[in-house]
Every structure is written in structure tokens, then in C-alpha cells.
Amino acid sequence: MAHDVPPLTPFPLDVLLRRIALEFETRNRIYDLPTARYWKPDPDVDLSFEFLGRPAATPVGPAAGPHSQLAQNIVLSWLAGARLFELKTVQIIDDLEIARPCIDMETVGFNTEWSQELKIGESLEEYVKAWMIIEILKRWEPLRPYLGRDTGPFVFDMSVGYDLAGISSPKVEGFITAMLDASDEIERLRPLIPDAFGAMRDLDFGTRVADTVTLSTFHGCPPDEIESITKYLMDHHGLDVIVKLNPTLLGFGRVCEIVQQQLGYEHIRLNRQSFTDDLQFDRGVALIEELRSYAKARGRRFGVKLTNTLVVENHKGFLGDDPMYLSGAPLHVLATTLLDELISALPNTFMVEGHDGDVQVSFSAGITKENLSEAIGMGVRPTTVCSDLLKPGGYGRIAPMLSRLADDMRAVGAYSLQSWRTHEWNVAKAAGFRGAAHAHMVAMLSGDLNSIYHLTGNEKLPRHVDHNLEMWGCVACNFCVTVCPNDAFFRLPTPKSMDVPGRQQYFVLAEACNECGNCMVFCPEVGDPAQIKPKIYLDPSRFAATVDQGFLVAPSGSGFTITASEGHESDVTRLAEIFHADEGWPIPLK
Ligand SMILES: Cc1cc2nc3c(=O)[nH]c(=O)nc-3n(C[C@H](O)[C@H](O)[C@H](O)COP(=O)(O)O)c2cc1C
Ligand code: SF4
Ligand code: SF4
């Protein structure tokens, strides 16, 4: 079903770049991320790896999801240290109607959001804009003290779904072709580079934005379809391919045993049919063998991604759809178990210690600062993250993850990821395990890590106060700013002269908010910040379609004007006073 009003309206390249210049100069932040949260490489510890043969400076990045859809999201991840970007899944249906809310990170993760909410052409533009902005920021002198002189290589990895008919349609084919050679898109966008970055207007941007793909197989995708799509992507587009596998490969009985009995999530209701519909373990093993030799014969690279989310019934009733998809801590245990089982079933196949295979394992399941080192020690590369970045701190959680990994490596004298993997393998073997994945799995299921993954370690709810959220004033915890994957929230100090409660005021950039619900989950006050805080529009047509409160900020002379939706005119003076005081309005309009 098509939307009357699109859920997201991306900001043009010139607005995004001008905002960077202004925000950095006036607040030492970019898209609300303070410089203290940027990743500066440790000169002693090399965190680089090869993604299907392409160099990337760190083994961490956003998983296909809300953090890799809009250009500003991708730039935020890069500032924070991500160097492998699994871009939001693109598919033929590009006017999806997703029920809201669609993200629930209250404890472990649940979501019902499964592909891009932009038109395919807009997705292409977002990825190319992000590519250009990162190339510009890599060379931007003011950032050097915070990022170092050499920010290292990064990789954009496409994600496509969900069936061969869609993937081979002219629409998706055109997207892939344009990602392989984005010269037209780059030249179209180049004139929008504003004067603040004028020195970079003639930059020789690489035109091959992405030449790898992670195939997002939908729950229930038949094995023959997975095989055909993978071969098509290799043959028709010359891509190296990673196939995303589902945790249902472990079988209904094993998943029940792990999730409900060993980890204590008895209230999570599994759907037996979804296990029957999905790829079965033996067929999965045969599929990996077949695709591995198919790729090898054609000089292509092939890998698997562990894992997709787990289909569960919507027992909470918070999300707008049923079923919903589980991520986070329990998925980490399932994906690790699946890795261990696949390594045992297919010896010498995977690129992990002791096996010397060539099938790369990308890992995306409940990665946090606490388990990144163990995950990397299992041999997986890269690790991509979604749920953890939706918790308070947001993108700012990436740099501490990398610092912890570097510290753990340094502590045992490992200065490259290879030596860290060897160290972890030796430790696991010395303790009698099959390998590092086996050791990590046992520690989580019955050993000293169990309490972290068990229900009892994941029951704590976000803090709440007994106060109804209002448009002006709140406890000013800043959570809505950091948990929003789209950077739709920003804050400004309350001018001393103003008679409104609170030392900071919070605003929503309505065009960047798809009403996912994540800020509502973490807001300590009662109410939905995305609906209650002033909604700021920059796009007159989006503003014209608004039926509730909203304020259009439009350029006028050297400043701007503010227009309120009906019934909210009395708040315009307040907004103007805040936007003109202290830090000032953060987004240059022209
Ligand atoms: C809100 C949300 C949206 C997601 N969207 C996609 C998607 O578009 N395509 C996809 O292949 N996976 C999607 N995923 C799955 C993630 O890429 C990732 O594999 C999964 O969440 C496990 O990682 P995590 O435990 O770190 O969240 C999404 C996950 C979440 C939570
Ligand atoms: S402002 Fe809130 S509801 Fe809107 S996209 Fe951000 S987190 Fe989601
Ligand atoms: S709106 Fe809610 S989440 Fe945002 S700063 Fe105020 S209290 Fe915190």
C-alpha cells in the first residue's frame, strides 16, 4: 500500500554539508555526535580486515537496518569508527507500509521493520551522498585532531532482497548497476557541494560505491530461490556475495531449548511453522558447499552472515505488527551456536582458525562492547550491529566497542586481528574446546557468561518517572537524541530570559522521523517525544500535509521565518527566541 505522505524525506546534500560546517564550528558536534565519541585509530593495534578481499580499517559497522538508510546515519557510524557498512536492504517494493511503532529495544530487541522506506532512487542517492560526505570529511582538516591523519579504508556493502523476480527487475537491477558505477549520480550531486567545502568540489570521488552484496533472505525464502539469486548476483552483476542465514537452521527443538530453557525466556513464543518453512540444516550445508564451489569456479568470493533475526509471536502488543523479529542477547547465543554447528558440519570450509577455509563469516547478532572481542576471536569478520546502537548512547557506542577490543588485544600482546584470533583459538583448544566459537557458546549457555545472556540479565526496564511529557521542558536526559537512528532529534539550551521549564528544549526534525517508536521506549517521561515535542519541518509540502502540531522553518533574507500549523501559533515566538539565542538554529537553509 502506498503512503499519502512518505515516512522519510531525506535532506539534500548541500543541507547536510552546510549543517556539518555550522554544527562543528558552533558546537563541536556533527549531527549531534560530540567529538569525544569519534574513533581515533590506536597506532599500535591494527584492527583492519578484508571484507571479501576489500580492505576495511575496523571490523565493525551498522547492520542492514535503521542505521544505514539515510546519509546522515552512515556518516555518524563512520565518525564513530565503523568501516564496514551493510546498507539498508533495497527491494522492489519501495512504498512499503510498515505498522508503527516498529522498534522495541526495551529489553532484548524486537522489530517489525524489514526493508527500505525510501524509493529505490532515493536509497541510491542516500548511499552516494554518504559516500561523498565521508570522502570529504576524510580530507577535512578540522577533523584531523579527532580522527587522526589516516582514517583508513571503508567498504559499502549492498543488501538486497527478497526474491529473484524482484532482484532481477529493472528497478533493482538499475540500483545495483548504479552502485557499481555511480558516476552519473556523483556528477549530478557535485554542484551541491557548498562553499564551506568548496575546496573539495573537484574531488575525484571513486565511482564504484559498492561491488559486494549481502543477500537478505526473508523468513521462509525457499533454498532454490536463495541459490538462484546468489548465482544471478555473481553472474549477472559480477558481485561477491554473502548470504544471510536464519537462526531457524538450528531447528525448532534446539532453539526452544536454548531460548526458553537455557536462557530462561519462557515468555517468548516461537512459531513452529516458521521453522518448517525456512531452510533446513542439511539443505543449508549442501547450499553452502554448492555456492562455495560455484563462486570459486568463477573467481568470485562467497560468505555467510549469521544471522537474520528470529521470527517470534508478538506477545507484548507494543509493536504494530505480528509476528515480530527477535534480535540482541538471545540471538547472539543462537548465532554462535549455529556457527559452531556449521564449522563442525563443514570442516575446512570457513575462514576461521583451525579450518583455513575460504567462506567468510559475517556476524550480526547481539554484538556489544562486552562481547565484541570474543566474537572477533571466533574468526568472524565483520561484526555488524543494530540493537546495541538503538540503546542510549546510540552511534556513540561504537568507539568504546573498538577501544575495548584494542585494549583486550593489547593485554595479550596481539597487535593484529589475526594474532588475536590465534590467541583465542589457542586458549579455547588448551581448555579442551573445539574452537573459540565452541568455547564462547558453552560460556554463554552454562558458564560464566550465562547471566549476561539469560533473561535475568536482560529484564531491567528503562528508567521511568511519573510525569506526562509536554512540549516544553522535560528531564532533559538526551536519550531521544542518542537513540534515534535517524538523528531526528536535536536540543537547544533554554534562553535564560525565557519562562519555560527545563534547561534544554528538544525538537524533532519531522522529515527524518519515521515514527519507529524507539525514543518513546527510552523517554523516562510518559508520552511519545516524537509526537509531543515541537515537530520542525523544512519541506513546505511535508508541512502542508501535517494534521497535528508542526512548524515550518523557511529561509527568508539572511535568516528564516517560522510558520505554525493551525492552533499552535502561540508557540512561534518561543521557538524563534530559542532558535536565535545561544547555540542558535543548527541547520543552515541556504
Ligand atoms: C529495526 C531493525 C531493522 C532491520 N532491518 C533490516 C533490513 O532491512 N534488512 C536486513 O537484512 N536485516 C534487517 N535487520 C536485521 C539486522 O541487520 C541484524 O541482522 C539483526 O538485528 C541482528 O543484529 P542485532 O542483534 O545487533 O540487532 C533489522 C533489525 C532491526 C532491529
Ligand atoms: S524521533 Fe523517535 S520515533 Fe522518530 S525516528 Fe527517531 S527514534 Fe524513531
Ligand atoms: S523528551 Fe524524553 S527522552 Fe527526550 S530529553 Fe526529554 S525526557 Fe529525555
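Modeller: Leucine 52 sits in the loop that runs between strand S3 (49–51) and strand S4 (54–56), and in this predicted model the phi angle of leucine 52 is near 45 degrees, which is a positive value in a residue other than glycine. Two other loops contain a backbone detail of another kind, a cis peptide bond. One such bond joins leucine 306 to threonine 307, with omega at about -10 degrees, and threonine 307 belongs to the loop between strand S12 (302–306) and strand S13 (310–312). Another joins aspartate 322 to proline 323, with omega at about 5 degrees, and here proline 323 lies in the loop that leads from S13 to strand S14 (324–327).

The domain assignment divides the protein into domain 1 (13–457) and domain 2 (479–580), and their C-alpha centres are 32 Å apart. Domain 1 brings 26 residues to the contact, while domain 2 brings 22 residues. The size of an interface is often expressed as the accessible area that is lost when the parts come together. Between domain 1 and domain 2 this buried area is about 1,800 Å², with carbon and sulfur atoms giving 56% of it. On the side of domain 1, Asp32, Leu390 and Pro392 supply 25% of the area buried against domain 2, more than any other three residues.

One salt bridge is found across the interface of domain 1 and domain 2. Glutamate 23 and arginine 19 both lie in helix H1, four residues apart, or about one turn of the helix. In the structure as a whole there are 44 salt bridges.

On the side of domain 1 that touches domain 2, helix H1 (13–27), helix H2 (71–80) and strand S7 (103–104) each supply at least two residues, and the largest share, three residues, comes from H2. Sorted by class, that side of domain 1 has 12 nonpolar, five polar and nine charged residues.

The ligands complete the view. Ligand 1 is surrounded by 27 residues, of which the closest are Ala64, Thr89, Ser216, Gly366 and Ser387. A polar backbone atom of alanine 64 is 2.6 Å from an oxygen atom of ligand 1, a polar side-chain atom of serine 387 is 2.6 Å from an oxygen atom of ligand 1, and a backbone N or O atom of glutamate 113 lies 3.3 Å from a nitrogen atom of that ligand. Around ligand 2 the residues include Cys484, Cys513, Cys516 and Cys519, and the shell there has seven nonpolar, four polar and one charged residues. Around ligand 3 we find, among them, Cys474, Cys477, Cys480 and Cys523, in a shell that divides into nine nonpolar, one polar and one charged.

Technical notes
Residues numbered from 1 in each chain as written. Chains lettered and ligands numbered in written order. Predicted model: local features only at pLDDT ≥ 70, side-chain atom pairs only at ≥ 80, totals over all residues. Heavy atoms only, no water. Domains from an automatic or database assignment. Contact = heavy atoms within 4.5 Å. Buried area = accessible area lost by both parts, 1.4 Å probe. Salt bridge = Lys/Arg side-chain N within 4 Å of Asp/Glu carboxyl O. Nonpolar A, V, L, I, M, F, W, Y, C, P; charged D, E, K, R; others polar. Near = heavy atom within 4 Å. Polar contact = N/O pair within 3.5 Å; in protein donor to acceptor, adjacent residues only side chain to side chain.
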